[in-house]
Structures are given as structure tokens and as C-alpha cells.
Amino acid sequence: MSEASPRKTSDETGFREATRVWLLENCPPSLQGKSQVAIWGGRKWRPENPDERVWLERAASKGFSAPMWPVAYGGGGLSKAQNKVLLSLLRELRIPLPLVGFGLTMIGPTLLQYGTEAQKREHLTRIARGEVLWCQGYSEPGAGSDLAGLQCRAEEDGDEYIINGSKIWTSNADAADWIFCLVRTDPDAPKHEGITFLLMDMDQPGVTVRPIKLISGSSPFCETFFNDARALKANVVHKVNAGWTVAKALLGHERSMIADAFGVGGTGGTKRVSLAERARRYLPSDKSGRLGDPVLRDAIAQSEINARAFALTVQRSKDGMRAGHNPGPESSMFKVYGTELNMARHELMVRIAGPQALGWEGAGFEADELALTRDWLRTRGNSIEGGTSEVQRNVIAKRVLGLPD
Amino acid sequence: MELRLSEDQEFIARTAADFVKEKSPLARVRELRDKGDAIGFSRALWKEMAGLGWPGILYPEALGGAGLGFAELVLVMEELGRTLAPEPFLSTVLLAGQALARSGDEAKMKAWLPKICAGDAVLTLAHQEAGGRYDLDAVSTTAKANGAGHRLDGEKIQVLDGHVADALLIPAQTDGGIALFLLPAATTKGLTITRQQRLDGRGVALVKLEGVEAGPETQLGAPGAGRALLHDAVDRACVGLCAEMLGAMQQAFALSLAHLKEREQFGAPIGSFQALKHRAADIFIEIELCKSAVMAAARALDADSPEVPALVSLAKAKCSDGLILAANEGVQFFGGVGMTDEYDIGFYLKRARAAELSFGDAAHHRARWATLAGY
């Protein structure tokens, strides 16, 4: 038996030391120093390294796969401060997160807010143990920015709903076990008022999945088709026809996740080699060490200055939140600016690399050059996914600036 | 570095906002311009600001100041910047005041800083020459050894409040590099000061030095310290200017938003049109970034951080582009009336240009950022 459970330790230093010891003892050595490994879990999961499963199971029984969720639902019950310590230790020891995925970041927090007790016990526990991989069924071929215009129908049939329609951009649907879905339950109501938030098992004959190939090559995106698919009524989250409220709450979790990824410390794609370092590789410098191309030099400085100003603004918002200010619709600003910054940075990396940025595969290009080509193409979607920049600007104009409809 | 205001700082900002609302509307700047006021600001109001302790915010209590920092000063300057208040913060408090305060020259500090804090003296630093653009080292004014002192010849341009300054700090080339000479305006022979008219109405002057005899007592700081004092003073003034610009861009944007909500065309408020909404959203974002930049630069100065030069350049690059954006778009939002002198938005357009091209434009500061980062 090890020492007292860390969550009973109020002393942060004690928690840090106990946790460090626990991590080093329990994370298999083959995963220590491998922080880039992403552990998704799920029924179809077949990790190349079997130690990934060992690590997930040990961390889950400790509560470290969902550190801040209540213990009753399979979480660790850690405080914010303890969670911060845990994350910083994982970073320091370069140990992979025990679990990643939409279960943890999107549907989990949403169920904590809106789920019934039974839903929380069933779904959160299975998420925390990594037994079920979730995907998101929001967008449809005919409902992108106008998400509330969605047409996927759900009709009552006894204890169940029968679902017909299709969803697009369902990331990892081909690997996922369950989907959280927006479906139309009242076609006659105003469009925001006839939508229900429904959870559905993907493992049934009425669900088919087709992967989508992007301009950058392969992708996690899929199109998902429902043909008389079935879901229990017990899997409606919140109330029937009140799904839009739940949908918005979940979008908030999604946006803050995206802003985090693009904001401070995130890579959002290509690894953070400084732009100046890249420029040194492709461009001549003068005797004093100054980049010889004044236009690119100015563009690099501009990109770095904007990135720093953005990071300072994210910090200012967080400092303000600690002082009790609530994050408002201005968080749309982080989505717009964070993604557009990342896109501009990739454009600039391509300009810096010149013809070496044109490789698709094969000879004559370094591996990181080939990755840049794909990463740059992929970033073109940053201002589209998760609510387009245009939709975010509408939100800012209406809800922050008070401009009329 | 914590990027939020303390309660005391929030109080200072509120006090300044109330003061500006009551005593310094933009109409005052318009009036000074229209009557061709020889001073260009209000000495009475400057005295009132001194009563609130503003010119002395940065300076030690022993010298009549409040012993606070840039974190507080930028809050006051941001509010004053909203209505383009012309009182001599940049010239007196920052350019000259900071050169004096950092010189270690006790006698000059004691002679001038209490007067600056009390609003009883106007001082300035002549940091620009024709053709030098933003290179502070491009000083062609000469200081030739002359007995125990120097003999100064040269010309300085757009010296802030030079036409009303009680004393001027003049950078000049000596055999040992750039030195600063503090010359009383009234009694220095060979000094010719001519008011210049700038598009934004801010008071500036041409300062000509012809055989000016500067005694050893006029030189500021230790020999060889002049260049660093000049650079540091201009960096500090630059942060003050950024705070003013931050206030100006917020006010220009506030005027624009009010107009977008009120003005109707095609049977609807023009602010309901997406083409304008999205541009307004972009201005909002740029202003938020500028707020963070100014806050960070001020805190870096107070902490004497090694990042000061980079954060000053970051702030000036962002605020230059941000204010130009808010002002240019502001005129466009207003449409035809935005081009008339009767509407206030034009004042912000003019100030935007003047501020952008002071202490280095955005490209200058991006180049400096690159140099500091080693590329």
C-alpha cells in the first residue's frame, strides 16, 4: 500500500512529491519521455504498444484519467491547483496524458452540467476508464455555419427514437463507439426550438461511416449516415426540444479547447521551431547576422509580435477570471485571432521555405518540409471548423459591441 | 507579471475618467486650435492635474511625487488620450523628467522634479533632427569643447512643447559621444525657438542652436551617459504615447459604434450590415491586444525587466497599427460627414498619423524587435 491518497493532502508540496513518486512507479518505462503519444481508448482501440493500455488502466483507477471529475463518476476529485500540479508533472516527466478525446473535453463536461444522475454514472465512468470513444454529430451537409438549420430527424417509437439523416465532419467517427448528436425532434417548431441533444451507440446496423479525405491528405474527419438508427429515450440530454441550450454549452467547451490549443504553448500543427530559425535555414544573412530579406524579416517580426500580444491577452483574460470576472462572448475573439494567427504563421513558414515548401511526398524534400506542406494546407480549415471566423465576428458584433441584427 | 488592475489602480483610472469627462472634452482641443492658442494647452488645467498628483506619479515623494509607477501613469494617460488632452505629459513628465530622474544628477533633479510634480515647469527633450527619422543616434548637432564647457551648434525639429518650455534638454555630439545639455530657454543666448504647426495641433517647435555657450553645469549626468539617457527617456515616453493612443483608439471606436447604431440607410441602422459588423469586430480585437501590450510594457518598466526594449517596441508597433485602423475605419464608417471638420472623428485620424510617426513607426519597431531577437 502506498501513502495516504494525494487528494486528501491539502499541502501542495506533499501532493506534488507523492504524485511524482506515483507517476514514476506506475507509468510503464516505455512511455516515460513519450509525451507525444495520444491515448484515445475505446472498444476498437488496439495500441501498438500494449503498455499504453497498462498506463491508461492504472491512471484511471487512480482517478488521473479525468483528474477533476467527481470520484463517484470515475474521476480523481482533484482541485484546480492539484490538477495544475499533475499536468505540470506530466509535462516535466514527459509522460503522456493517460487519456485524450472528446469524451473528456466535450461531452463529459456537458454531462456534468446537464446529465441525469443515471447518465453521469453510466457515461462518465466509461469515459474516465477509456472504455468508450466519443465523436460529435453537429454539422450536416446542409447545416454548417447555420447549425440550427440541421435536418437529421429523430422520431419516437416506444422507448426509443428512430434516427434518419447524416452528419459531416464527425472527427474519428470510424474509430468511435458513441456519438453525441443534435437531431430534429419537432420539425414544426422555430428552428432553435425543435432540436434535441441525443447520445447514440454507433455499433448498430443503421449507422455507417465514410472517411473524408482533405486537401492535406488523410484526415480524422468522416461523414456519418443514419438509416433507421435507434437510440433509447433515456439518452436524451436535458429536455426534448431543448437541445440548443446544451449544444451552445458544449460549443463553449469546444471553443475554449481550440483557443487553448492555439493560444499559449499550443502548437496547432507544426512544431514550434522559431520562424527566425527557419529563416536562417533558407535565407542568407548579412555580416551582422541580420536576415538579408527585409520583407520577410518584417513579416516574421510582425508574426512574433502578434503572437506575443495574443498570448498577453489570453493571460490578461485568465488573470481577470481569477479576479472573478466571467469569461463572456469576447472568448470568440480568441477563436478568431488564435486561428488566424496560426494560419498566417503557416503561410509565412511556406514563404520562408520557398520551393522547398512544395513537396507532397518522396525524394528531394526533408520530412519536416513534407509535413509543412500538409500542415499549411490543414491550417486553412482553422478559420472554418469550430464556428467560422465570420460566425465569431457576428457574435462579437452582436453580443460584445451591441450592433443591431 | 500579473495583467490586471489592483483596486487602487482601478480607482486611479476611474478618477482620471471622471476628470476627463468633466474638464477635458474634445471640444477644448478644438477651441485651442480654432483660436490659435499660443501655448497649445491649458496651464490652469495642468495645475489642476498636478493637484491630483498626476505629473508626479512616477517621482519620489521626497521630490513632490507620488512614488508610484508606469502601471499607474499609463492609466491616467490612457484617459487623457481619449479626448486628445494636450497637456505636457510626454515632454515634461516623460522625456525630460525621465532623463533627469535617471541621470543621478542630484542637483538638477532637486532643481526641476519638484517643479514638474507641482505643474510649475514645462521641460522637454529635443530628440529629433531633420533627416534622422527615428534613429536616436543620428545627432548632427555638435558640442565642441569650449573652455570648461561646450559650444553647441545645430537644429532640432518638432520639439514637443519646445515653444513654452522653461528648459530644454539638447542631445549633441561631443568627442566622447552623445551628451545631453539642459538649457534654460529664457537666458540661453544663441537659442532660437519657433513654433511649428502640426496637423494634429500638438505643440511642437523648431529649435536652432547657434554658438550656444553651454557651461559645464548644463551637462546632464556623467560624461558618456548621454546616449543611454536619451534612449531610455524616449522608450519611456513611447510607452506614455502608447497609452494615449490606446485611449484615442477606444474613443474613436466608441464614436464609430454610436454612429453605426444610429445612422440609417436602406431603412436599417448601418451597423446591422455584416460588412461593417465584421470590421468593427476586428477593431475590437486589435484594441484588446493593444490594451494587453500597454499593460505589459508598463509593468516591465516598473519591474526593470530585461524585456523592456522588446515590450516597448511591441506596444508601439501594435498601437500604431491599431490606432491607424480605428481612425481610418472610423472616417469610413461615418461616411461623408466623417470628412468634415465639424465631426470629431477627423481629429482622431490626424492624431493617429502624428502618433504613428512619433518615436518610430510600426515598421521601425518591428525591425527593432527583430534586432533584439537576433535576426
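**Figure 1. Charged side chains over aromatic rings in chain A of the predicted model.** The charged end of Lys233(A) is placed over the ring of Tyr161(A), 5.9 Å from the ring centre. A charge is taken to sit over a ring if NZ of Lys or CZ of Arg is within 6 Å of the ring centre and within 35 degrees of the ring normal. A further case is Arg374(A), which lies over the face of Trp360(A) at 3.7 Å from the ring centre. This is a predicted model, in which local features need pLDDT of at least 70 and side-chain atom pairs count only at pLDDT 80 or more, while totals for chains, interfaces and linings use all residues. Residues are numbered from 1 along each chain as its sequence is written, chains are lettered from A and ligands numbered from 1 in the order in which they are written, and side-chain values use heavy atoms, with hydrogens and water left out.

**Figure 2. Confidence of the prediction.** The predictor assigns the complex an ipTM of 0.96 and a pTM of 0.90. Chain B has an average pLDDT of 97, and 100% of the residues score at least 70; pLDDT is the predictor's confidence in each residue, from 0 to 100.

Figure 3. Over all chains, the whole structure contains 13 aromatic pairs. Rings of Phe, Tyr and Trp (its six-membered ring) pair if their centres lie within 6.5 Å; planes under 30 degrees apart count as stacked, over 60 as edge-to-face and the rest as tilted. Trp46(B) and Phe89(B) form an edge-to-face pair, because their ring centres are 5.1 Å apart and their planes stand at 85°. Trp46(B) belongs to helix H3 (residues 43-51) of chain B and Phe89(B) to helix H5 (residues 89-103) of chain B, so the pair ties together parts that are 43 residues apart in sequence. Helices (H or I, at least four residues) and strands (E, at least two) are DSSP runs, numbered from the N terminus. Both Trp46(B) and Phe89(B) are buried; buried means under 20% relative accessible area, exposed over 50%, and partly exposed in between (1.4 Å probe, protein chains only). Phe266(B) and Phe273(B) also form an edge-to-face pair, 6.2 Å centre to centre with 70° between the planes. In that pair, Phe266(B) is exposed at a relative accessible area of 81%, whereas Phe273(B) is partly exposed at 28%. In chain A, one aromatic cluster is made up of Trp134(A), Tyr138(A), Trp178(A), Phe180(A) and Phe197(A).

**Figure 4. Helix H6 of chain B and its buried face.** Helix H6 (residues 106-117) of chain B has twelve residues, which at 1.5 Å a residue should span 16 Å; the end C-alpha atoms are 16 Å apart, in agreement. The expected span is 1.5 Å times one less than the number of residues. Lys108(B), Met109(B), Trp112(B), Leu113(B), Ile116(B) and Cys117(B) are the buried residues of H6(B). Seen down the helix axis, these buried residues fall within an arc of 130°, so they line one face of H6(B); the arc is that of the directions from the helix axis to the C-beta atoms. On the other side of H6(B), Ala107(B) and Lys110(B) are exposed. Cys117(B), on the buried face, has a relative accessible area of 4%.

**Figure 5. Cysteines without disulfides.** The structure holds zero disulfides over all chains, a disulfide being a pair of cysteine sulfur atoms within 2.5 Å. Cys181(A) is in no disulfide, and the nearest cysteine sulfur, that of Cys152(A), is 5.5 Å away. Cys181(A) is buried, at 0% relative accessibility.

**Figure 6. Positive phi values in chain B.** Gln158(B), in strand S3 (residues 149-160) of chain B, has a phi near 45°, a positive value in a residue other than glycine. Gln158(B) is partly exposed, at 28% relative accessibility. Asp304(B) has a phi near 50°, likewise positive in a residue other than glycine. Asp304(B) is in the loop between helix H8 (274-302) and helix H9 (308-334) of chain B and is exposed, with a relative accessible area of 58%.

**Figure 7. Two buried positions in chain A.** Gly149(A) is in the loop between strand S1 (134-137) and strand S2 (153-157) of chain A and is buried, with a relative accessible area of 16%. Thr339(A), in helix H9 (residues 331-353) of chain A, is buried at 1% relative accessibility.
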